[in-house]
Amino acid sequence: MRFLHTADWHIGRKLYGYDLAKEQEHDFAQITKIALEKKVDAIVIAGDLYDRALPNEDSVNRLNKMIVELNLKLKKPILAISGNHDSAARLNTGREWFKATQYFLNTSIEEAMTPVEFSDTQFFLLPYFQIFQARNFFADESLTDLTVAMKKIIKKMKENFAANKKHVLVAHFFAAGSTKTDSETKIEVGGLNAVPLDLLTDFDYVALGHLHDVNALHDERIKYSGSLAKFSVSEAETTKGVWIVDTEPFHSDFVAIKPLNDIVLLQDRYEELISPSVYNEVDNEDFVAITLTDKAVIPNVMNNLREFYPKIISLSRENQIVDLPKNEDIVLELDPMRLLENFFEDMTGEKITEQQKKWASNSLERVIGGEEE
Ligand SMILES: [Mn+2]
């Protein structure tokens, strides 16, 4: 069979305060086109459908429209899992009747043990999970290590392997040896560590979500599709797209999608940046990240540059940050425990104790499920 592998749509995501709704719809339209042109039998979405656990109404409407388009109008089966940004419980609502139209959406470890079968392939849809969920599933209090948990999960999946079928794992985690970009996990507390690749060799293909760069990992059978759109300046030069995977004979092809509005990196002197030969080359709708090479002070530099580049998402000097657009993402990208420690010290003048840290870390573990990358 042939399927399309995508992930990390993050519907509702903002790029440094700019709404990405139009960009995401444009990218989705291309995915739809690729699915039709390549005549895929199914669409795999490897987690992080939404950007947050409580998406706003607009985001819910937009994702629903996309699923309706693929699943109801084009009649493409969908195989999906919840990622760490999604609320598993919320996505799970409707799971039973989604199945009626071949929209398979798993949000728990237990559901992942029963494969979804299509022609020659069994799909094991393993959502993002936290270690306490593995502890509960196996009723094993001693289970504190991700590698051990993954070993047990895969062992249990293999009990359901049909010998005459191909086996595809769909999952949302950080695979060992992968490289991260700035728009990914900054919150490690309570989250999962790296999964060793040698645990995954029993699968014919592993369709991963979580990391946003398709080049985060280079492995013939274990792949990240990367995110739907570019979500940080560090992804400016990456290519977005989807994998088209054939199970027999095995073959995979990356098909690129072209962004509606790209992230443009500019590094130059101020005088150059405000000359027509430079700014005329940049589309007004593109997001621009500027590095100034000047040493002198330039009064009102951000406002002046905005006349030529309306959508500046970052402005820095070669060696130091001068100014940044208002950006709620920046604080969120700091490690939350570090933020708390700093805050505690600022407020009380004392260092936080180990006991307090443990309490805070446990509380955080319970709430961050939907707030990481
Ligand atoms: Mn993600």
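User: Which strands does helix H2 (residues 57-73) lie across, and which of the residues in H2 are buried?

Analyst: The model is a predicted one, and the description below should be read accordingly.

Helix H2, residues 57-73, lies across strands S4, S5 and S6 and runs at about 145° to S5. With 17 residues at 1.5 Å a residue, H2 should span 24 Å, and its end C-alpha atoms are 22 Å apart, which agrees. The buried residues in H2 are Ser59, Arg62, Met66 and Leu70. An α-helix has 3.6 residues a turn, so residues three or four places apart point the same way. The buried residues of H2 pack against helix H1 as well as against S4 and S5. After H2 comes Lys75, which has a positive phi, near 60°.

The sheet comes next. It is open, has six strands in the order S6-S5-S4-S1-S12-S13, and its pairing is mixed. Strand S6 (103-106) and strand S13 (250-257) are its edge strands, each pairing on one side only. On average, and with direction ignored, neighbouring strands of this sheet are turned by 20° against each other. Within the sheet, strand S5 (residues 78-81) pairs with S6 in the parallel sense over four bridges. Ala80 has Leu105 in S6 as its bridge partner. Helix H1 (residues 21-37) also packs on this sheet, where it touches strand S1 (2-6), strand S4 (42-45), strand S12 (240-247) and S13. The direction of H1 makes about 145° with that of S13.

S8 pairs with strand S7 (residues 116-118) in the antiparallel sense over three bridges, and Phe118 stands opposite Thr121. Two residues lie between the strands in the hairpin of S7 and S8, where Ser119 takes a positive phi near 35°. S8 is also joined by six bridges to strand S9 (residues 166-172), and S8 and S9 run parallel. Here Leu125 stands opposite Val170 in S9.

Helix H13 (residues 354-367) presents another case. Its 14 residues reach 20 Å from the first C-alpha to the last, close to the 20 Å expected at 1.5 Å a residue. The number of buried residues among the 14 of H13 is zero, so this helix lies largely in the open.

Finally, there is the division of the chain. The domain assignment gives domain 1 (2-257) and domain 2 (263-328). Their centres, taken over C-alpha atoms, are separated by 36 Å. Seven residues from domain 1 and 10 residues from domain 2 take part in the contact. On the side of domain 1 that touches domain 2, the residues divide into five nonpolar, one polar and one charged.

Key
Residues are numbered from 1 along each chain as its sequence is written. This is a predicted model: local features need pLDDT of at least 70, side-chain atom pairs count only at pLDDT 80 or more; totals for chains, interfaces and linings use all residues. Two strands pair if DSSP finds at least two bridges between them. The expected span of a helix is 1.5 Å times one less than its number of residues. A residue is buried if 20 or more other C-beta atoms lie within 10 Å of its own, exposed if 12 or fewer, and partly exposed in between; C-beta atoms are placed from the backbone. Axes are lines fitted to C-alpha atoms, for helices over the stretch in contact, and angles run from 0 to 180 degrees between N-to-C directions. Two residues are in contact if their C-beta atoms, placed from the backbone, lie within 7 Å. Domain bounds come from an automatic or database domain assignment. Ala, Val, Leu, Ile, Met, Phe, Trp, Tyr, Cys and Pro count as nonpolar, Asp, Glu, Lys and Arg as charged, and the others, Gly among them, as polar.
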